[in-house]
Amino acid sequence: MGQTPAQKAAKAARGQQPKKRPGKAQREAIKRAQAAKKAAGGKPAAKKTAAKKAVPLPRGSLRAAYPGTCPACFKDYAKGEVITKVADGWGHPGCAPRQLSAAEREFARNKARIESGETFRGQKPSDWRLGASPSSTRPAR
């Protein structure tokens, strides 16, 4: 809203100067600074000397909020130490059973089937004769 000359004079008398709008050059400089800040992520640059690199935690792990005891090995862990879910609660990552990949699980399943003889029970015996071709096999029983 505009002010009348009398209102402007009253403000000046009280010691308040009317706000001036920045010039075109200043407005452009402000816009460039805001664009640069937005492009940089809006975060101030961190000091290289004081910056600590955060080490990512293994999947399923976290830092202990308070000290405790590992239920697998019964050894204590301190506050802030990396812990993971073990059988009966939270403990050392080394005490947790290793999770097998899908390929490792399938291999173990197949190995157990072969060792138990399950895989070959339903198959008929071979008709091949030692040193002979398949065409010269003996008649089926």
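Two strands are taken to pair if DSSP finds at least two bridges between them, and helices (H or I, at least four residues) and strands (E, at least two) are DSSP runs numbered from the N terminus. On that basis, an open sheet of 3 strands has the order β1-β4-β5 with antiparallel pairing. The edge strands of this sheet are β1 (61-63) and β5 (89-91), each of which pairs on one side only, and the twist averages 40° from one strand to the next. For such angles, axes are lines fitted to C-alpha atoms, for helices over the stretch in contact, and the angles run from 0 to 180 degrees between N-to-C directions.

The model is predicted, so that local features need pLDDT of at least 70 and side-chain atom pairs count only at pLDDT 80 or more, while totals for chains, interfaces and linings use all residues. Residues are numbered from 1 along each chain as its sequence is written, and side-chain values use heavy atoms, with hydrogens and water left out.

**Overall make-up**

The secondary structure of the protein comes to 4 helices and 5 strands, and from the N terminus on these elements run α-α-β-β-β-β-β-α-α. Of the 141 residues of the protein, 9% count as buried, where buried means under 20% relative accessible area, exposed over 50%, and partly exposed in between (1.4 Å probe, protein chains only). The protein exposes about 12900 Å², of which carbon and sulfur atoms supply 57%; accessible areas come from the Shrake-Rupley method with a 1.4 Å probe, and for residues only the protein chains shown count as cover. With contact defined as heavy atoms within 4.5 Å, residues 24 or more positions apart account for 9% of the contacts in the protein with a separation of 6 or more.

**The sheet and its surroundings**

Strand β1 is joined to strand β4 (residues 82-86) by 3 bridges, and the two run antiparallel. In this pairing S61 stands opposite T84 in β4. On the other pairing, β4 and β5 are antiparallel over 3 bridges, with V86 opposite G89 in β5, and these two strands form a hairpin with 2 residues between them.

T84, which lies in strand β4, is buried, with a relative accessible area of 11%. Leaving out residues up to four places away in sequence, T84 touches G60, S61, G89, W90, G91, H92, P93 and A96. S61 lies in strand β1 and counts as buried because its relative accessibility is 15%; apart from neighbours within four places in sequence, S61 is in contact with V82, I83 and T84.

A96 is found in the loop between β5 and α3 (102-116), and at 18% relative accessibility A96 likewise counts as buried. When residues up to four places away in sequence are not counted, A96 touches T84, K85 and V86. The C-alpha atoms of A96 and I83, which are 13 residues apart along the chain, are separated by 9.6 Å.

**Two helices**

The expected span of a helix is 1.5 Å times one less than its number of residues. For helix α2 (residues 24-39), whose 16 residues should span 22 Å at 1.5 Å a residue, the end C-alpha atoms are 23 Å apart, which agrees. The number of buried residues among the 16 of α2 is 0, so this helix lies largely in the open. For α3, the 15 residues should span 21 Å at 1.5 Å a residue, and the end C-alpha atoms are 21 Å apart, which agrees. Helix α3 is followed by G117, whose phi is positive, near 85°.

**Cysteines**

A disulfide is a pair of cysteine sulfur atoms within 2.5 Å, and a search of the whole structure finds 0 of them. The sulfur of C73 has its closest cysteine sulfur in C95, at 3.6 Å, which is too far for a bond. C73 is partly exposed, with a relative accessible area of 28%, and C95 counts as partly exposed at 29% relative accessibility.

The table collects the relative accessibility of the residues discussed.

| Residue | Relative accessibility | Class |
|---|---|---|
| T84 | 11% | buried |
| S61 | 15% | buried |
| A96 | 18% | buried |
| C73 | 28% | partly exposed |
| C95 | 29% | partly exposed |
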